[in-house]
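User: I am new to this structure. Can you show me how to read its features?

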Amino acid sequence: MEKTFVILKPGTVQRGLIGEIINRFEKKGLQLVGMKMVQLTPGILTEHYSHLSSKPFFPSILASMMAAPVILCCWKGADAVAVVRTLCGVTNSREANPGTIRGDFGMSIQENVVHASDSPEAAETEIKRFFNAQELYDYESATVHFTYAPNELKD
C-alpha cells in the first residue's frame, strides 16, 4: 500500500477543523499510520518549500505556516497520493469543488487548509523529512478486508 503525507495547516488548527478533516480521510478508507503536532521552523519550511524560496511571496508562506502549530499526518492506502489529492481539491480554495476539503473549508490559495504530497516520490521525501521511523506504525486495520477486495491488498 502507498503512503502519503498531509499537513493540516495553522488555519486548520486555529479554526477547530482537525477532527472534521481527519474524519474525511478515515471515512474514505485511508489508514492513519503517523500523526503529530509540531511548531514548524524556518529551516524545515525552507527545505520543504525550496521550490518557492525565490518567490516574492515566500516570506508570507513562512509566516503563515509558523502562525500556529500544525498537524502532520502519514496516511496509507491504495493509490493514497491520488486519493488524498482528490479529497483535498485544487490548491486555490475558491476554485475547489464543493465536497472537497479546500472547497468546503477554504477561501484562499495560501490559507488553503491542507498540504498534500503531489506524487509518490514527494510523499516519500516529505514523510522522511517530518517523521522518523519510530513515529510511523505498520499495523493491519480491522476494517481492511471490508475496504478492499482481496486482489487490491498489495504492498
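User: How many disulfides does a search of the whole structure find?

Analyst: A disulfide is a covalent bond between the sulfur atoms of two cysteines. This is a predicted model, and a search of the whole of it finds zero disulfides.

User: Are C73 and C88 buried or exposed?

Analyst: Buried means under 20% relative accessible area. C73 has 1% relative accessibility, so it counts as buried. C88 is buried too, with a relative accessible area of 1%.

User: Which residues have the most contacts inside the largest nonpolar core?

Analyst: They are I21, F25, W75 and I101, in a core of 21 residues. Several elements build it. β1 (2–8), α2 (18–28), β3 (70–77), α5 (80–88), α6 (101–105) and β4 (114–116) each supply at least two of its residues. The largest share, four residues, comes from α5.

User: What is F25 in contact with, leaving aside its neighbours within four places in sequence?

Analyst: F25 is in contact with V6, L30, W75, V84, L87, C88 and I101.

User: Which residues are among those of the other core?

Analyst: L52, F58, I127 and F131 are among them. That core has 17 residues and lies apart from the largest one.

Notes. Residues numbered from 1 in each chain as written. Predicted model: local features only at pLDDT ≥ 70, side-chain atom pairs only at ≥ 80, totals over all residues. Heavy atoms only, no water. Core = buried A, V, L, I, M, F, W, Y, C linked by side-chain atoms within 4.5 Å. Buried < 20%, exposed > 50% of the residue type's maximum accessible area, 1.4 Å probe, protein only. Contact = heavy atoms within 4.5 Å. Disulfide = S-S within 2.5 Å.
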